[in-house]
Amino acid sequence: MKETSATPAPRVGCRRIARALRGLALLLILVLVHATAAQERRWVVAFANLTEEPGVTLEGTGFTGREVREGFALAARQWPIDLVVYDNRRDSRQALANVADAIGRKVDLFIHYHADAVTNAAVGPRLRAAGIPVLAINYPVPDAPLYTVDNLAAGRIAGEALAEFGARAWRGHTVVAVLIGHLSAVEDRVPERAKSVTEGLRRHLPTLKIASLDTQGNPARVSGLLGRLVTAEPRTKFLIAAMDDATALAAKAALEAAGRLADGAIVGHGVDRSIHGGMSERKELDPNNRGSIVLGSVAFYLDRYGYDVLPLAVRMLRREPVPARTVTHHKLITAANVFVEYPPYDMQ
Amino acid sequence: MRLASSAVAIILLLLGSASLAVAQTDCTKVVPASPWGPNDQTGATNRVTPAVTKAAAAEIKDGNVIPMSYPLVDGIPLFGSRFTKSILTTTSLAPGAALGENQLTYMEDTWLSQSHVGTHLDGLGHIGRKDCYFNQIAMGKFINQNYMTKLGLEHLKTFATRGVLVDMVKVYQAAGKFTGNPACKKPCLDKGTVITAADIQAGLRMYNTTLREGDILIIHTGWGNLFEQFPAQNATFNSGEPGIGKDAAKWLVSQKIVAVGGDTWGVEVIPGEDPKEAFIVHNILITDNGIHIIENVRTDLMAAEAASTGRSTFFFSMTVPKAVGLTGNFVGIEGIR
């Protein structure tokens, strides 16, 4: 009896194990099929750029909308993404028309770069109603993740670099700091950047005198403004925080014209192509130009937005959590690290 | 006293040499060892054995010779500050300068040029990682003002092997992902197009062939049409290029080829896949695996030949001068069918 009663038990066990194995195999197949489908899935992502008007620069830097768009196109190569690009032309009606078109196309995700808060407030609900997630660049869209410059961090980096240089190289000298650039450009948050430069400067040189020279966005005004200041103070050293690279280069030219190159140190903001360049271009930030009074420039990476933003977009599409706010990782680019950060790759 | 000063001098000398040693990169941590041994300076041409050359000779069916080099002349696009200039010496053409009763005259050239111009081969000493080059060679010890004392072209074996062309224009057109560039007068992939391992495999399948050890792969992208338009399209040609990405480079390494060439100035995709990496495919192929890169190869004629005959393989004929200590050189290539 014991033997007969013992015999069926393993059969039941075997059947159970077999069933379990079959279930497991089915599950595995389902997972594999799903994984393969997910791997092969391509997404249509719309990117509505702030503006691509030639010559118009963005965020108080020297970068243009074309560079932002090209960065997205290059970054998209690494992802299963078909990019649809719109130009908002800094125009709210155009921005809303672009949103409507993207909804019509049934894109999978919309990346919105537009400065008008009222428009942005309208854009979010429209896209969400169409089931399209939104990712905002630099200007918030309510309830959408935001990728943004961090002017506070950037300014602090510039201010600290200048102050460290001043404290090290000009101990015992009369030193004045100069904030120069489009200081009144509220729309580009340059005042925020300038305030943070001040904080960075004061961190190492708490009693430093700081002068502000607003160029109204015209680098041609740098020569006059800075020239007058340095001429009035013949024995003073100047720590110059330029709000963008064009201003930094103009400040260097102004000091050169005044015969005061030895009395200045400059840090810019942006690291656009005017200050670093291709293989055979001679640029200010260059390993062969380590003695320049332009100590460096704080990178804003608008040309690489795509490389930061598209991974966030893919996470959203995969329904993975993303932070509510992601900021650019600004860094001081100097002659010592410019070829690491921006390896010249073309033959120009 | 003299003993003490000598001891101090010796200690300082030792400290100095120690700091020098510390300053040098440990290349065993930076570059893999050559599969052909610690003394290898030859790299992938080790794969071109007599058997490989003999098998490649079977590609010669009717003796048709297809040119695969571009002209080397003033005005062609050149990388960075490179230049090429020839000066003709014609002294014996002057009245009374001819030699002998037979009035022999002669002319010759002085060629002032960088070696990496026109259709050219990248040697193993061309590309490194820090100061470390192919086979973990710490190149800092092996250079002087004039040339390298290791990894020069004189160490290379023959390139007499089979060439295999893949037509990326056709692959992209067939896959419906061709975009092109309006500056090209014939279809070309646009700059920044990343050619993947799958693309190359599709190109091989298109002509029903596979790669075998010792082959040279030639990639037709159409971008070379901009070179042919020199100097009109030099700026566009130089501004970037379609080319292989890291994934393709790694796959080609696994195929044990000898070289990869193409109708672009760098063979790899520019702008690269990661903006913070510089010419990473060059590192993967040359530095890490001793596989040569051949740039500015004229591919359109062979692509047309392959399309018209349905065969993309040929005998690869390229002679590299035994130029001691050079990092590369311009070459002439012919595909023989």
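Contact here requires C-beta atoms, placed from the backbone, to lie within 7 Å. Helices (H or I, at least four residues) and strands (E, at least two) are DSSP runs numbered from the N terminus.

The model is predicted: local features need pLDDT of at least 70 and side-chain atom pairs count only at pLDDT 80 or more, whereas totals for chains, interfaces and linings use all residues. Residues are numbered from 1 along each chain as its sequence is written, and chains are lettered from A and ligands numbered from 1 in the order in which they are written.

**Chain A**

Chain A has eleven helices and twelve strands. Of its 348 residues, 43% are buried, a residue being buried if 20 or more other C-beta atoms, placed from the backbone, lie within 10 Å of its own, exposed if 12 or fewer, and partly exposed in between. Among contacts in chain A with a separation of 6 or more, 78% are between residues 24 or more positions apart.

| Strand pair | Sense and bridges | Residues standing opposite |
|---|---|---|
| β6(A) and β8(A) | parallel, seven bridges | Ile180(A) and Ala242(A) |
| β8(A) and β9(A) | parallel, four bridges | Phe238(A) and Gly264(A) |
| β10(A) and β12(A) | antiparallel, two bridges | Val298(A) and Leu332(A) |

Strand β8(A) is mostly covered, with six of its seven residues buried. Together, β8(A), α9(A) and β9(A) make a right-handed β-α-β unit; right-handed means that, with the strands pointing away from the viewer, the path from the first strand over the helix to the second runs clockwise.

**Chain B**

For chain B, the domain assignment gives domain 1 (27-78 + 116-336) and domain 2 (84-113), with bounds from an automatic or database assignment. The centres of these two domains of chain B, taken over C-alpha atoms, are 36 Å apart.

Helix α8 (residues 280-289) of chain B is largely enclosed by the rest of the structure, because eight of its ten residues are buried. Ile280(B), Ile284(B) and Asp288(B) are among the buried residues of α8(B). The buried residues of this helix pack against elements of chain B including β4 (120-122), α7 (246-254) and β12 (292-295). Just after α8(B), Gly290(B) takes a positive phi of about 65°.

Tyr70(B) lies in the loop between β1 (65-67) and β2 (84-89) of chain B. It counts as buried because it has 21 C-beta neighbours inside 10 Å. Tyr70(B) and Val297(B) are 227 residues apart in sequence and 6.9 Å apart in space, C-alpha to C-alpha. Not counting residues up to four places away in sequence, Tyr70(B) touches residues including Gly118(B), Phe227(B) and Arg298(B).

**Contact between the chains**

The contact takes 17 residues from chain B and 13 residues from chain A. The chain B side has eight nonpolar, seven polar and two charged residues. Here Ala, Val, Leu, Ile, Met, Phe, Trp, Tyr, Cys and Pro count as nonpolar, Asp, Glu, Lys and Arg as charged, and the others, Gly among them, as polar.

Terms used:
Pairing = 2+ DSSP bridges. Contact = placed C-beta atoms within 7 Å.
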